[in-house]
Amino acid sequence: MRTYLVTGGAGFIGSNYIHYMFRKYGDEIRIINADALTYAGNLENLRDIEGRENYTFIKADITDQPAIEKIFAENDIDRVVHFAAESHVDRSIKDPSVFVRTNVLGTAVMLNCAKAAWENPDGSFKEGKKFLHVSTDEVYGSLPDDGTSFFREDTPYDPHSPYSASKAGSDLLVKSYMDTYHFPANITNTSNNYGPFQFPEKLIPLMINNALSGKPLPVYGDGRNIRDWLYVDDHAKGIDMVQEQGRLFQTYNIGGHNEKRNIEIVELIIDTLLAELPDDDPRKKNVSRDLITYVGDRKGHDRRYAIAPDKIRAEIGWEPETPFAEGIKKTIRWYLNNEEWLANVTSGNYQKYYEDMYSNR
Ligand code: NAD
Ligand code: TDX
């Protein structure tokens with residue numbers, strides 16, 4: 001039985017990945033989820049699997065080397081899937097230091113602990129051990145708004161935000177361990193994910209949440225920035241396929257040809273909410289295109305991200321499966337049906353964050 005150490009499994013992509021893996025492998029695998037439970041980590045995302053015998057949650061900070069060493073000492077870990085990170089660009093612009101700490105230092109701790117646990121006395125590594133570092137396409141910087149150029153695995157790194165710089169730093173650390181020690185790893189760089197359990201500071205859930213409560217929908221700049229949207233389950237599947245079928249020491253970009261301008265997404269959310277909400281639902285009267293409010297632009301705002309997923313398709317056979325029209329409907333329905341989850345994560349500290357972040361735009 002393979003044992004996984006998943007970091008950041010209580011966050012958006014990590015919790016969807018854990019669900020995906022248990023759907024796919026059932027009792028054939030064991031998962032240990034190590035998460036510090038920051039504002040973005042929420043054990044409610046995993047409530048339905050809490051009781052599984054082959055699942056363990058450990059509250060641990062990835063920058064706490066003794067805590068991570070202990071997990072490796074007490075368990076024969078076969079796979080590390082490293083999601084844990086500070087993930088929100090706007091927060092990184094306000095306060096970069098925690099991004100450096102978690103994303104760079106935390107990744108260094110994960111690498112050191114896995115290396116120490118997996119290394120043989122002759123410097124080779126135990127058979128079959130693998131580390132997958134989950135990263136972002138934002139490390140490649142911004143593409144021109146021409147629809148013809150794409151991020152590829154050999155696109156030079158050119159990060160602009162403190163978030164993407166810290167992710168680039170972590171990617172390069174992983175690369176250095178592969179190059180220096182022949183450490184058995186992969187890096188995946190993925191485009192914008194969407195789906196259930198995404199914290200409502202990010203574009204799609206923020207717009208859904210605000211529209212349902214009749215709050216302004218803050219569109220940055222001219223609203224014409226482009227992101228390449230990937231349904232989170234397709235990402236989870238891609239991660240598993242890279243780890244099991246990919247070539248070690250390789251980077252794979254995961255995303256694909258689903259470019260949308262932000263304003264298109266916001267309008268689509270409003271239209272879908274109006275179509276999905278029954279007339280007698282009190283939230284329906286709040287939803288309107290009149291809520292769209294153009295606000296000051298994000299500092300250093302990247303114009304366009306777009307991935308050409310040729311390598312992962314050719315080598316591994318992965319392709320995005322969920323058409324956007326279907327994925328966005330599923331996502332919106334999930335938020336409509338999980339009002340309590342949304343209310344819980346948007347109470348308390350989120351209110352203060354929202355006021356600080358949006359009051360002066
Ligand atoms: P998220 O913010 O929803 O979740 C991050 C998780 O990491 C949370 O559960 C949090 O508690 C945990 N965490 C944060 N600091 C920690 C620490 N010091 N120790 C242990 N746990 C800690 O993020 P997400 O959107 O799920 O992103 C997951 C990963 O995927 C990140 O590495 C991110 O860079 C990458 N990624 C995200 C996207 C996207 O669109 N969301 C796209 C590409 C790549
Ligand atoms: O209120 C908003 N208004 C707005 O116009 C917010 C929160 C965002 N935006 C714009 C900024 C971006 O152009 O929408 C776009 C998407 O913004 P985010 O959801 O913050 O995502 P992005 O900055 O593209 O980064 C995301 O994708 C790559 C994730 O947060 C990262 O973790 C991931 O690496």
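**Ligands, a pocket and a salt bridge**

Modeller: Start with ligand 1: β5 gives the most to the shell around it, three residues. Bear in mind that this is a predicted model.

Colleague: Which elements each supply at least two residues of that ligand 1 shell?

Modeller: α1 (12–25), β5 (130–136) and α5 (162–181) each do.

Colleague: And which residues come nearest to ligand 1?

Modeller: There are 28 residues around ligand 1. Ile 13, Asp 35, Ser 87, Tyr 163 and Lys 167 come nearest.

Colleague: How do the residues of that shell divide by class?

Modeller: Into 13 nonpolar, twelve polar and three charged.

Colleague: What polar atoms sit by ligand 1?

Modeller: A polar side-chain atom of Ser 87 is 2.6 Å from an oxygen atom of ligand 1. A polar backbone atom of Ile 62 lies 2.9 Å from a nitrogen atom of the ligand. Asn 193 places a backbone N or O atom 2.9 Å from an oxygen atom of ligand 1.

Colleague: How much of ligand 1 does the protein cover?

Modeller: On its own, ligand 1 has 840 Å² of accessible area, and the protein covers 97% of that.

Colleague: OK, ligand 2. Which residues are closest?

Modeller: Glu 138, Tyr 163, Arg 227, Arg 298 and His 301. In total, 23 residues surround ligand 2.

Colleague: What's the class make-up of that shell?

Modeller: The ligand 2 shell has ten nonpolar, seven polar and six charged residues.

Colleague: Where does an oxygen atom of ligand 2 meet a polar protein atom?

Modeller: Arg 227 has a polar side-chain atom 2.7 Å from a ligand 2 oxygen. The backbone is involved as well. A polar backbone atom of Ser 87 is 2.8 Å from an oxygen atom of ligand 2. For Tyr 220, a polar backbone atom lies 2.9 Å from an oxygen atom of the ligand.

Colleague: Which helices and strands each give at least two residues to the ligand 2 shell?

Modeller: α3 (89–94), α6 (203–212) and β8 (217–220).

Colleague: Switching topic. How much space lies in the second largest pocket?

Modeller: About 440 Å³. The pocket is lined by 19 residues. Nearest its centre are Tyr 39, Arg 91, Asn 349, Tyr 350 and Tyr 353.

Colleague: Which element supplies the largest share of that lining?

Modeller: α12, with six residues. α3, α4 (97–118), α11 (339–346) and α12 (349–358) each supply at least two.

Colleague: And the lining by class?

Modeller: Eight nonpolar, five polar and six charged residues.

Colleague: Last one. How many salt bridges does the structure hold?

Modeller: The structure holds 32. One of them joins the side chains of Lys 24 and Asp 240, at 3.1 Å from N to O.

Colleague: What does the Lys 24 and Asp 240 pair tie together?

Modeller: Lys 24 lies in helix α1 and Asp 240 in helix α7 (residues 232–245), so the pair links parts that are 216 residues apart in sequence.

Definitions and conventions. Residues numbered from 1 in each chain as written. Chains lettered and ligands numbered in written order. Predicted model: local features only at pLDDT ≥ 70, side-chain atom pairs only at ≥ 80, totals over all residues. Heavy atoms only, no water. Near = heavy atom within 4 Å. Polar contact = N/O pair within 3.5 Å; in protein donor to acceptor, adjacent residues only side chain to side chain. Helix = DSSP H or I, 4+ residues; strand = E, 2+ residues; numbered from the N terminus. Nonpolar A, V, L, I, M, F, W, Y, C, P; charged D, E, K, R; others polar. Areas by Shrake-Rupley, 256 points an atom, 1.4 Å probe, with all protein chains shown as cover. 1 Å grid on protein atoms, 1.4 Å probe; cavity = no way out; pocket = protein on both sides within 12 Å on 5 of 7 lines; lining within 4 Å. Points joined across faces, edges and corners; volume = space filled by probe spheres on them. Salt bridge = Lys/Arg side-chain N within 4 Å of Asp/Glu carboxyl O.
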